[in-house]
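Please look over the sequence and the model shown below. The questions that follow concern charged pairs and helix packing.

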Amino acid sequence: MPRRPLNGIRVVDMTVGRGELCSRFLSDLGAEVIKVEPAGGSPSRTMAPSDGDHSLYWTFRNCGKLGVELDLDADDDRDRLHDLLLHSDAVVVSTEPGTAQSGLDADELGARHPHLIVASITAYGRTGPYAGRDVPDAVIEATGGMAFKAGTHEGGPIFPPGLIGDDTGSVVGAWAVLCALWQRQDNGAGQVIDLSVNEALAQITDWSLSNWSRSFDAGQPGAEMRAGPGPVYTIIPCADGFVRLVVLSPRQWHAIRAWLGEPDYLQEPDLDGFVGRLMISDAVLNPLYEELWKDMKMLDVCEEAQRRGIVCTPILKPSEVVDNPHLASRGTFDEVTLDDGRIMKLPSGWFEIDGERAGPVSPPPTIGQHTDDVFASLGEARPAPVAPLDPVKPLADMKVMDFGHGGVGVETGRMFGEYGADVVKIESRTYPDFIRMVLGGEMSPSFASSSRSKRSLGINAKTDRGIELLTEMARTSHVVIENNSTGTMSNMGLGYEVMKAANPDIVMMSSQLMGSKGLWSSWLGYGPNTQVTGGMTHLWNYENLDAPVGGQAIFPDHFAGRVGAVAALANALGARRNGEGGAHVEVCQVEQVVGVMGDLMAKESLVPGSVVARGNHSDHGSPWGLYATNGEDTWAAICVRDDAEWSALVGLVGGDLDVTLDEPGRRAAEVSIDAAISAWAATVTNDELTDACIAAGVPAGPMLTGASQSTDPHLEARGYIQWREQPPIGRMIFEGGAFHATAMIGPDIFPAPGLGEHSRDIAVDWLGVDADEVEALVESGVLETDPPHGA
């Protein structure tokens, strides 16, 4: 059995359609999660996708939970709920502000049960001008800044497949609950957490806001244009499909050039740089790659490319994902036999702990399945807190070693740093974080966004003394983070076994592209390479288009970083609560892509060929889409879930729309309905459309980019827009927090460090090295400083 670090924690889940994955994460990590449903069952039991008989949305997000049925309109059952909460540690709710039954609002629950952690997960949070808007995930994909990432300028933006926004909100919700549990160890006090899914999603949209703001402040605001995959994450056709090719470094360029036969006209030194290759990519390079691979099969291309050290991965369809040999070798899917004998493939879990998958322990509950058992075994009530908690940084007593680079590990470190941990980014000029160096110097807006709120230790880990110092550092650390290529940390002499020998309570979070085991474990790549292999790129496409149009989102980097933070903090909490020692947590990046589409993959396994690109249409309702408004490349989302919302929309759009159409009828008439909505939308601005729809009760919202997020009144009101001076590049916006909490100070945002900026301080105050030796270590190159020694 895998380790379950949250064993002994009880969580009540009262969510409906939003936030349900939050408690699923906590359940996978060992918490007892009790799903409370109204009489007759939760509306989530009917949510798409479905195989015709089962809601796979419900199945995927509620496996591992116990089921309790309560009629909360009845006094007796309300009393039973409060008794359950008296015996629980946390409750997760999703009712929008002002819509909860009397006494069951998040603030009321927190006031009645001061020991309880109350996590409220709503579309836009409990404060600000958009608070209380009842909108589905797709609208948040627009306002959160994800929808504009894919498609072409001519074809328009495309909603991503799955429910990335809601699922990201759930992951960050689990993080917030864990921070509160860590904090609660001191005196047993609870608090109320106010999480905005919109801000949780905005945090993972690939540094759009930070990069745009820096360019704007420099007087050179960049255009945020859709251009398919763009020049970096190229899509190349081959004999039986498509591959994603990424050539960034000179070494990668030399390898692909050798495969092309070293033609004379590609030997110019300027082509060693990305900008030089960019100038000839469309006219020269991409046609050469197409010609080279036109007769080769997709997997053959990728395997040969990887053998040569070239970053190339296959663009898989859902049918290919559920039967992929590498994922099978990792156990990515559980095969679940249904009552009718069919086999459903369901993702087996988001992470591994000490080499074992930590996934669901049981199927989702039937309605009220465990009601009697739960109330018969409540145990002792949780003790009343000694006193209310004063707002503090919840992780201020933690120390974290961050070996991360790119977008995954550094985002895990960022989460710890923002909530008070002393996070030290460990780096060297001989092996720098490529995101730090992407603009040619030692700082970039992307790096600053992901490595804010940290200190930097410049150290040469290829020296014996460097290894000794890092091993000594591990003795007093809580968490180590790394997302290097498989085997790198062990090859350096800093693998988990070394860290554990130095500190039995240490938790290491590792994240590799394809995981540390399996047929493709040695493959090289970046976040967008797992996006294609996990099936997302194939589905994030226009309807009825064979070739993938592509996009420039680097998902799942930021998402995987947050999953890593959840798993690491849960295991550190387990070590603290249960005395069970540290753990090695692994977060496979391609499995995060598969995971956010877990219900879609389950459907494909049950109904082969049923999961296809829908463009901006959806199984969740109709009409459903992004519509161009009166402006320069401005768009707004409109999503109709039921007949009442359809009637309200008809009242706004007018024309020949038939108000009597039911959902099947609306689906049959999607083309003409979309045309009518588009004609109306073109006459109004984003704000006018959104205000009219929201007032009428129709879910809607503007599609925001980094530029439009920077002045969004709701983000400003929530404190999300954080202008800071970032040495040495200048002013930029740092993304604020995704949640507020009554007993937490956070996020604590300060500028990202220069490379080695704190090397001397860390050597003295953390490692106990005397000042004379510190200078000798700098002189010898074991320690690196900012500015560099001798500069």
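**Salt bridges and a helix crossing**

Q: Is Arg45 buried, partly exposed or exposed?
A: Buried means under 20% relative accessible area and exposed over 50%, with partly exposed in between (1.4 Å probe, protein chains only). Because its relative accessibility is 22%, Arg45 counts as partly exposed.

Q: How far apart are the closest N and O atoms of Arg45 and Glu37?
A: This is a predicted model, in which local features need pLDDT of at least 70 and side-chain atom pairs count only at pLDDT 80 or more, while totals for chains, interfaces and linings use all residues. Side-chain values use heavy atoms, with hydrogens and water left out, and residues are numbered from 1 along each chain as its sequence is written. A salt bridge is a side-chain nitrogen of Lys or Arg within 4 Å of a carboxyl oxygen of Asp or Glu. Arg45 forms one with Glu37, and the closest N and O atoms lie apart by 2.7 Å.

Q: Which residue forms a salt bridge with Asp107?
A: The closest N and O atoms of this pair are 3.2 Å apart.

Q: What is the handedness of the crossing of H16 and H23?
A: Helix H16 (residues 409-418) and helix H23 (residues 557-578) pack at about 55°, with axes 7 Å apart. A crossing is left-handed if the near helix is turned anticlockwise from the far one by less than a right angle, and right-handed if clockwise. The crossing of H16 and H23 is right-handed.

Technical notes. Axes are lines fitted to C-alpha atoms, for helices over the stretch in contact, and angles run from 0 to 180 degrees between N-to-C directions. Helices (H or I, at least four residues) and strands (E, at least two) are DSSP runs, numbered from the N terminus.
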